[in-house]
Amino acid sequence: MMRLWFAADEIGAQYPERFTGRKNGLVLRFDKNVDPEVRRCVKAFCRWLRQMFSFPLRITVYIRKTAYVQLRTGEPTSANVWGPYKADAYPYAAVAAGDYRPALQGKEKDDRLASILQSVGHELSHYYQWITDPHWLEKQDAAAIRREERQAVYYARQIVDYYANIRAHP
(Lines give C-alpha, C1' and ligand atoms only; values in the text may rest on other atoms or scores of the structure.)
Protein backbone atom coordinates (compact mmCIF):
# COMPACT_ATOMS: atom_id res chain seq x y z
CA MET A 1 0.00 0.00 0.00
CA MET A 2 2.55 2.62 1.06
CA ARG A 3 5.50 1.28 -0.93
CA LEU A 4 6.82 4.73 -1.86
CA TRP A 5 6.73 5.96 1.74
CA PHE A 6 8.51 2.86 3.07
CA ALA A 7 11.16 3.06 0.32
CA ALA A 8 12.99 5.75 2.32
CA ASP A 9 14.27 3.06 4.70
CA GLU A 10 15.70 1.06 1.80
CA ILE A 11 17.27 4.15 0.20
CA GLY A 12 18.84 5.13 3.52
CA ALA A 13 20.37 1.67 3.88
CA GLN A 14 21.47 1.53 0.24
CA TYR A 15 23.02 5.03 0.07
CA PRO A 16 24.03 5.97 3.63
CA GLU A 17 26.43 8.65 2.34
CA ARG A 18 23.44 10.76 1.23
CA PHE A 19 22.16 11.00 4.80
CA THR A 20 25.18 10.57 7.08
CA GLY A 21 25.75 13.63 9.23
CA ARG A 22 22.51 15.24 8.06
CA LYS A 23 19.49 16.11 10.17
CA ASN A 24 16.47 13.88 9.77
CA GLY A 25 12.81 14.08 10.67
CA LEU A 26 9.66 16.02 9.95
CA VAL A 27 9.42 19.56 11.31
CA LEU A 28 6.36 21.81 11.33
CA ARG A 29 6.29 25.59 11.21
CA PHE A 30 3.05 27.54 11.44
CA ASP A 31 2.31 31.11 10.47
CA LYS A 32 1.32 33.20 13.47
CA ASN A 33 -2.45 33.30 12.96
CA VAL A 34 -3.15 29.79 11.67
CA ASP A 35 -6.43 28.58 13.16
CA PRO A 36 -5.86 26.57 16.39
CA GLU A 37 -8.00 23.70 15.07
CA VAL A 38 -5.84 23.43 11.94
CA ARG A 39 -2.71 23.58 14.08
CA ARG A 40 -3.99 20.81 16.38
CA CYS A 41 -5.07 18.63 13.47
CA VAL A 42 -1.81 18.95 11.50
CA LYS A 43 0.32 18.39 14.61
CA ALA A 44 -1.56 15.20 15.48
CA PHE A 45 -1.30 13.93 11.90
CA CYS A 46 2.44 14.63 11.70
CA ARG A 47 3.03 13.09 15.13
CA TRP A 48 1.42 9.91 13.78
CA LEU A 49 3.44 10.14 10.54
CA ARG A 50 6.69 10.32 12.54
CA GLN A 51 5.73 7.12 14.37
CA MET A 52 4.84 5.28 11.18
CA PHE A 53 7.40 6.45 8.63
CA SER A 54 11.05 7.33 8.36
CA PHE A 55 12.16 10.81 7.28
CA PRO A 56 15.85 10.22 6.48
CA LEU A 57 16.49 13.84 5.54
CA ARG A 58 14.81 16.64 7.47
CA ILE A 59 11.84 18.22 5.76
CA THR A 60 10.16 21.31 7.14
CA VAL A 61 6.47 21.74 6.37
CA TYR A 62 5.25 25.33 6.59
CA ILE A 63 1.53 25.79 7.24
CA ARG A 64 0.60 29.19 5.84
CA LYS A 65 -2.26 31.46 6.84
CA THR A 66 -3.00 32.20 3.19
CA ALA A 67 -5.54 30.85 0.74
CA TYR A 68 -2.74 29.94 -1.69
CA VAL A 69 1.03 29.61 -1.83
CA GLN A 70 2.94 30.60 -4.93
CA LEU A 71 5.04 28.38 -7.12
CA ARG A 72 8.33 29.77 -8.37
CA THR A 73 6.55 30.60 -11.61
CA GLY A 74 4.16 32.83 -9.64
CA GLU A 75 1.16 30.52 -10.10
CA PRO A 76 -1.08 30.11 -7.05
CA THR A 77 -1.48 26.60 -5.65
CA SER A 78 -2.72 25.00 -2.45
CA ALA A 79 0.68 23.45 -1.63
CA ASN A 80 4.16 22.89 -3.02
CA VAL A 81 7.42 21.17 -2.18
CA TRP A 82 11.01 22.03 -2.98
CA GLY A 83 13.72 19.37 -3.15
CA PRO A 84 17.17 20.96 -3.35
CA TYR A 85 19.89 19.85 -5.73
CA LYS A 86 22.62 21.12 -3.40
CA ALA A 87 23.99 18.56 -0.95
CA ASP A 88 23.94 20.95 2.01
CA ALA A 89 20.32 22.16 1.63
CA TYR A 90 17.16 20.60 3.02
CA PRO A 91 13.78 20.13 1.34
CA TYR A 92 10.69 22.00 2.48
CA ALA A 93 6.99 22.14 1.72
CA ALA A 94 4.39 24.87 2.09
CA VAL A 95 0.67 24.23 2.57
CA ALA A 96 -2.00 26.93 2.42
CA ALA A 97 -4.53 26.69 5.24
CA GLY A 98 -5.85 30.25 5.32
CA ASP A 99 -9.21 29.43 3.80
CA TYR A 100 -10.21 27.26 6.78
CA ARG A 101 -13.23 28.80 8.50
CA PRO A 102 -13.66 28.12 12.25
CA ALA A 103 -17.45 28.33 11.86
CA LEU A 104 -17.51 25.02 9.97
CA GLN A 105 -19.29 22.20 11.77
CA GLY A 106 -19.61 18.44 11.44
CA LYS A 107 -18.81 16.84 8.11
CA GLU A 108 -17.84 20.15 6.44
CA LYS A 109 -15.24 20.75 9.14
CA ASP A 110 -13.90 17.19 8.90
CA ASP A 111 -13.75 17.41 5.10
CA ARG A 112 -11.84 20.72 5.15
CA LEU A 113 -9.34 19.46 7.75
CA ALA A 114 -8.91 16.21 5.80
CA SER A 115 -8.24 18.30 2.70
CA ILE A 116 -5.42 20.11 4.48
CA LEU A 117 -4.01 16.78 5.67
CA GLN A 118 -4.25 15.46 2.14
CA SER A 119 -2.20 18.45 0.93
CA VAL A 120 0.44 17.63 3.53
CA GLY A 121 0.40 13.97 2.45
CA HIS A 122 0.62 14.96 -1.21
CA GLU A 123 3.69 17.10 -0.69
CA LEU A 124 5.32 14.46 1.50
CA SER A 125 4.71 11.96 -1.30
CA HIS A 126 6.71 14.28 -3.57
CA TYR A 127 9.37 14.37 -0.82
CA TYR A 128 9.60 10.58 -0.95
CA GLN A 129 9.80 10.68 -4.75
CA TRP A 130 12.66 13.14 -4.34
CA ILE A 131 14.36 10.97 -1.67
CA THR A 132 14.19 8.03 -4.05
CA ASP A 133 15.83 10.08 -6.82
CA PRO A 134 16.97 13.66 -6.05
CA HIS A 135 16.99 14.56 -9.76
CA TRP A 136 13.63 13.04 -10.64
CA LEU A 137 12.16 16.27 -12.00
CA GLU A 138 15.17 17.05 -14.19
CA LYS A 139 14.90 13.78 -16.10
CA GLN A 140 11.19 13.77 -16.82
CA ASP A 141 9.05 14.76 -19.73
CA ALA A 142 5.49 16.00 -19.35
CA ALA A 143 4.01 12.48 -19.34
CA ALA A 144 6.37 11.34 -16.58
CA ILE A 145 5.56 14.42 -14.49
CA ARG A 146 1.83 13.68 -14.84
CA ARG A 147 2.54 10.09 -13.73
CA GLU A 148 4.46 11.34 -10.66
CA GLU A 149 1.61 13.72 -9.86
CA ARG A 150 -0.95 10.90 -10.10
CA GLN A 151 1.25 8.83 -7.79
CA ALA A 152 1.37 11.67 -5.24
CA VAL A 153 -2.43 12.07 -5.39
CA TYR A 154 -2.86 8.32 -4.88
CA TYR A 155 -0.50 8.16 -1.90
CA ALA A 156 -1.99 11.27 -0.29
CA ARG A 157 -5.43 9.62 -0.37
CA GLN A 158 -4.01 6.37 0.95
CA ILE A 159 -2.17 8.00 3.85
CA VAL A 160 -5.19 10.07 4.94
CA ASP A 161 -7.45 6.99 4.66
CA TYR A 162 -4.91 5.02 6.70
CA TYR A 163 -4.90 7.79 9.32
CA ALA A 164 -8.72 7.88 9.32
CA ASN A 165 -8.72 4.25 10.50
CA ILE A 166 -7.29 5.32 13.85
CA ARG A 167 -9.19 8.61 14.30
CA ALA A 168 -12.90 9.35 14.21
CA HIS A 169 -12.32 12.97 13.17
CA PRO A 170 -9.24 14.76 11.83
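**An aromatic cluster and an open sheet**

Phe45, Trp48, Phe53, Tyr162 and Tyr163 come together as one aromatic cluster in this predicted model. Across the structure there are 12 aromatic pairs. One of them joins Trp48 to Tyr163 in a tilted arrangement, with 5.1 Å from centre to centre and 50 degrees between the planes. This pair bridges distant parts of the chain: Trp48 belongs to helix α2 and Tyr163 to helix α4 (residues 142–164), 115 residues apart. Another aromatic pair, Tyr127 with Tyr128, is edge-to-face, at 5.0 Å centre to centre and 70 degrees between the planes. Tyr127 and Tyr128 are buried as well. Elsewhere, Arg22 is placed over the face of Tyr90, 4.5 Å from the ring centre.

Turning to the strands, an open sheet of mixed pairing is built from 4 of them, in the order β1-β2-β6-β5. Because β1 (26–30) and β5 (79–82) each have a single partner strand, they form the edges, and one side of each lacks a neighbour in the sheet. On average, neighbouring strands here are turned by 15 degrees against each other, direction ignored. Within the sheet, β2 (residues 59–64) runs parallel to its partner β6 (residues 92–96), and the two are paired over 5 bridges. Ile63, for example, has Val95 in β6 as its bridge partner.

Terms used: Residues are numbered from 1 along each chain as its sequence is written. This is a predicted model: local features need pLDDT of at least 70, side-chain atom pairs count only at pLDDT 80 or more; totals for chains, interfaces and linings use all residues. Side-chain values use heavy atoms; hydrogens and water are left out. Two strands pair if DSSP finds at least two bridges between them. Axes are lines fitted to C-alpha atoms, for helices over the stretch in contact, and angles run from 0 to 180 degrees between N-to-C directions. Rings of Phe, Tyr and Trp (its six-membered ring) pair if their centres lie within 6.5 Å; planes under 30 degrees apart count as stacked, over 60 as edge-to-face and the rest as tilted. Buried means under 20% relative accessible area, exposed over 50%, partly exposed in between (1.4 Å probe, protein chains only). A charge sits over a ring if NZ of Lys or CZ of Arg is within 6 Å of the ring centre and within 35 degrees of the ring normal.
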